[in-house]
Amino acid sequence: MKYTQEEALQYIQENDVKFIRLAFCDLNGIQKNLSVMPCELERAFRQGISFDASNIAGFGGVNEGSLYLRPDPSTLALLPWRPMQGRVVRFFCDIIRADGQPYSCDSRALLKETLRQLRSMGITCRVGIKSEFYLFNLDEHGMPTREPLDRAGYMDVAPLDRGENVRRDICLTLEEMGMRPESSHHEHGPGQNEIDFHYSMALEAADNFVTFKWAVKTISARNGAYASFMPKPLEGESGNGMHISLFLFRDDVNLFDAGQAGDDKTAQYFVNGVLRHAEEITAALNSTINSYSRLAAENCRNIGTDTEKGRIIRLAETRGEFAGMELRSPDAACNPYLAFALVLKAGMEGITGRYESFDRKDGALPAGLDGALNAFDCEFVRTALPESMFKAYIELKRAEIKEWEKDGEGRRCFETL
């Protein structure tokens, strides 16, 4: 259910809600939050709640107290893992300045504006996500280890699969929060799992993915395990991908469905736009140094569609509800708002430019984050992003490379993702 402001206030009053989480993401896509009491919610809707943004990744240079969180009432969700007496709810928030204007480094605002531009073309986008994660044992102090929860393989069952109860609890929790998981199973790697979602509107899908990662980590911890979305947590084992399925609609016609779209080439133009800019946007889709270990090992760097092995886009169906494109290169370490926005902007350029091809025969994605950032520094991305966001993202990722060079792939990185 999508709540209005009045309905959200009424829900808080009638359901014994005592704490309200105002959630947002830093530029890396890591969820942050600020808790307020119910009596502050009306003020939050009206003018926002100030917070210290100076220590938020990608928000550097902002003075303390100069940014505000204004909750989006449609995103109200009860947190099922919190007490049922004195309940806790969460809202995703718009990040605004004191004058009410959007903050330029708010990636959620970027996606909202991108979707507005897409709608002005008469097109809406729905997004489905398949995400993989590993479950690891904890040590005697409750800290995560690199020892997988089990040694099961693809779609194995219990007792080999020790994660089935965790996946069940995750899926039931997500249903309570209004999300729609479609399927779940054990993946190829030891302790590796996958949960797939029914498609939803693009902004909702990004919100849901942030919620999904939070729920997975929380429910796993309650079951005595640690969940990691790190793209390549174990050398020699399968990596964690985040496959993004996109479906384009105009007047309820699925533009990827050959039976409905007929001679309309909009979907083809869109795919070619994404392929043409795939190299430039990789730094947003594969945003960590570790991401490129997965891409190299799993041979999913070839720019093109799925007529050849390792291509980054799969066109799995041509007719029916699930006719769409699946982008296979991203991983779950990305900021979904930034990633979706850049993919859509690339596709939109393909539509407006009527790209019959993507002008790239033997192209491949960058082999490392440094090369990806070099490609990211281009006219397309500079035009697609607010200048301050572009500069902040480059600075953030260059600093990450320097830190990695000093520290290597240590526990800090492992435990963050």
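**Close-up views of helix packing and buried sites**

**View 1. Helix H8 packs against helix H11 (residues 369-376) at an angle of about 125°, the axes lying 7 Å apart.** The model is predicted: local features need pLDDT of at least 70, side-chain atom pairs count only at pLDDT 80 or more, and totals for chains, interfaces and linings use all residues. Residues are numbered from 1 along each chain as its sequence is written, and side-chain values use heavy atoms, with hydrogens and water left out. Helices (H or I, at least four residues) and strands (E, at least two) are DSSP runs numbered from the N terminus. Axes are lines fitted to C-alpha atoms, for helices over the stretch in contact, and angles run from 0 to 180 degrees between N-to-C directions. H8 and H11 are therefore oblique to each other (angles under 35 degrees count as roughly parallel, over 145 as roughly antiparallel, 65 to 115 as roughly perpendicular and the rest as oblique). Glu279, Glu280, Thr282, Ala283 and Ala284 of H8 meet Ala372, Leu373, Ala375 and Phe376 of H11 (contact means heavy atoms within 4.5 Å).

**View 2. Helix H5 (residues 202-222) packs with helix H10 (residues 336-353) at about 150°, with 9 Å between their axes.** That makes H5 roughly antiparallel to H10. On H5 the contact is made by Ala202, Leu203, Ala205, Ala206, Asp207, Phe209 and Val210, and on H10 by Pro336, Tyr337 and Phe340.

**View 3. Phe212 and Phe376 have the most contacts inside the largest nonpolar core, which has 124 residues.** Such a core is a set of buried Ala, Val, Leu, Ile, Met, Phe, Trp, Tyr and Cys residues joined through side-chain atoms within 4.5 Å. Buried means under 20% relative accessible area, exposed over 50%, and partly exposed in between (1.4 Å probe, protein chains only). Neighbours within four places in sequence aside, Phe212 is in contact with Ser131, Phe133, Leu174, Met179, Ile195, Phe197 and Phe229.

**View 4. Helix H7 (residues 266-276) has 9 of its 11 residues buried, so it is largely enclosed by the rest of the structure.** Among the buried residues of H7 are Tyr269, Phe270, Asn272 and Leu275. Their cover includes strand E13 (242-250), helix H8 (278-285), strand E15 (302-305), strand E16 (311-314), strand E17 (325-327) and H10.

**View 5. His243 is found in strand E13.** His243 counts as buried, at 13% relative accessibility. Leaving aside neighbours within four places in sequence, His243 is in contact with Gly128, Ile129, Lys130, Arg294, Glu326, Leu327 and Arg328.
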